[in-house]
Amino acid sequence: MKFSLYDFSSFTAWIDSSLRASMSPGWAVAVEMILIGIAILIFYAIVGLFLVYAERKVCALMQNRLGPNRVGPGGVFQTIADLVKLLFVELVPIKNADRALFNLAPFIVIIASFMAIGAIPFAKGLQAIDLNIGVFYLIAISSMGVIGVLLAGWASNNKYSLIGAMRSGAQIVSYELSVGLALVTMVVLAGTMQLSEIIEGQRWGWFIFKGHIPAVIAFVIYIIAGTAETNRGPFDLAEAESELTAGYHTEYSGIKFAFFFLAEYMNMFIVAAIATTVFFGGWMPFHVYGWDGFNAVMDFVPPLIWFLVKTFFVIFLMMWLKWTFPRLRIDQLLTLEWKYLLPINIFNLLLMAFLVLTGLHW
Amino acid sequence: MDNQALVLLFLTGAIFVGLVLVFSGIVAPRSFAPQKFDPYECGIPTKGTTWLQFNVGYYLFAILFLVFDVEIVFLFPWATVMKEMGMVAFIEIVVFILILGLGLAYAWKKHALTWE
């Protein structure tokens, strides 16, 4: 077995060949599929639980208190305890609710985030699907979640839920544009939409350094729009606790509520992972051209660690935003998107195209 | 392999949610009280139907979104070949974006971007 933390492709090839040696090709593919499914499921659960814990700790840090500290050392088992509790909570069927759509909504939000996770390159050779339209696919899939949110609000037969869902719809579709345009800007620089090639292109400098000013503008816009797309504060109008109780998931109890909660955190992870891949070089270590000794030291750290550290840094930025700014009103929210971010973004795209044409980027 | 993996991810998500829901349905307790199944609106009995008309502003933004989202779909293939095509691609996209910018300017002028 040739297991290496630096290149997972030999590891997956080894699994593939040993499976093919012991069974027919059809079965080998089926077993591989099941293995990938289980691996992604486990990863999904661990990251989800960790992020909920991290958010509560970061929030506590910002508000100068301790946060969860009773269950396990430093409260690390708090989210697991919460999850077990939620599993044993009654699933209340609401009177006059649209039962079919009500039950369908959690499926949609979770499946959308699952399909996005599969396309994210965690390390060299550690990517379930490497599509040649990777960036486009991620944008398309991550915006499917809004259908689940709209269904949840509509089917609940609750006025707060409906208002929350409508706000969420307007907000997500608006900020979708900024996410898309910011990523197009980076695709211009990269010249490809395949995520593995985008990372390969950042071997001698991450795109946020290579594209200097337009890349930094694109990153700032992407973080703002990404925060809005995941319905997180300061853009959490869809579930504004003080006005709408819980917005679109008011009527969801027990584990169904947990699915929405989990999907929110996984969407945050996906947004951060895309930012890492496109702006910060994904799993590519920090290299400086010509500094061979320095590069060798950087190469020593496994790519998976690089990827996770960068991703959690971006997630920390998003948590910082949430716990720093007050919630926007819906008119401010739409003004920010349509009158500021969108024109700036279009101009930024042209600026980036001009830089790439004239070779002013590094 | 890629297309199968997409179906696989879809199924994994669906099976995961389904199994957890079934498990929760088995282990979770159940009780019946008539008021428990009412929609929660801060304790007051809900009045009238929920599914009524809502602010037309949302509709306007949905239409604007459609225009600009389709624009972004067109921009993606352009972005990948920009480097090879050079100046021609750049000038063409400037024209394309100018036409769309006119649309945005029109919506702006007509106060379609102002929330009322």
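This is a predicted model: local features need pLDDT of at least 70, side-chain atom pairs count only at pLDDT 80 or more; totals for chains, interfaces and linings use all residues.
**A short note on chains A and B**

1. Have a look at the backbone of Asn231(A): phi is positive, about 60°, although Asn231(A) is not a glycine. As for its surroundings, Asn231(A) counts as buried because it has 27 C-beta neighbours inside 10 Å, and 20 or more are needed for that label.

2. Asn64(A) lies in the loop that links α2 (25–62) with α3 (78–87) of chain A. Phi of Asn64(A) is near 60°, again a positive value in a residue other than glycine.

3. Is Asn64(A) buried or exposed? Asn64(A) has 6 C-beta neighbours inside 10 Å, so it counts as exposed; the cut-off for that label is 12 or fewer.

4. Now to the place where the two chains meet. The contact takes 63 residues from chain A and 51 residues from chain B. On the side of chain B that touches chain A, the elements that give two or more residues are α1 (2–27), α2 (57–85) and α3 (87–109) of chain B.

5. Which element gives the most to that side of chain B? The answer is α1(B), with 18 residues. By residue type, the side of chain B that touches chain A divides into 35 nonpolar, nine polar and seven charged residues.

Definitions and conventions
Residues are numbered from 1 along each chain as its sequence is written. Chains are lettered from A and ligands numbered from 1 in the order in which they are written. Two residues are in contact if their C-beta atoms, placed from the backbone, lie within 7 Å. Helices (H or I, at least four residues) and strands (E, at least two) are DSSP runs, numbered from the N terminus. Ala, Val, Leu, Ile, Met, Phe, Trp, Tyr, Cys and Pro count as nonpolar, Asp, Glu, Lys and Arg as charged, and the others, Gly among them, as polar.
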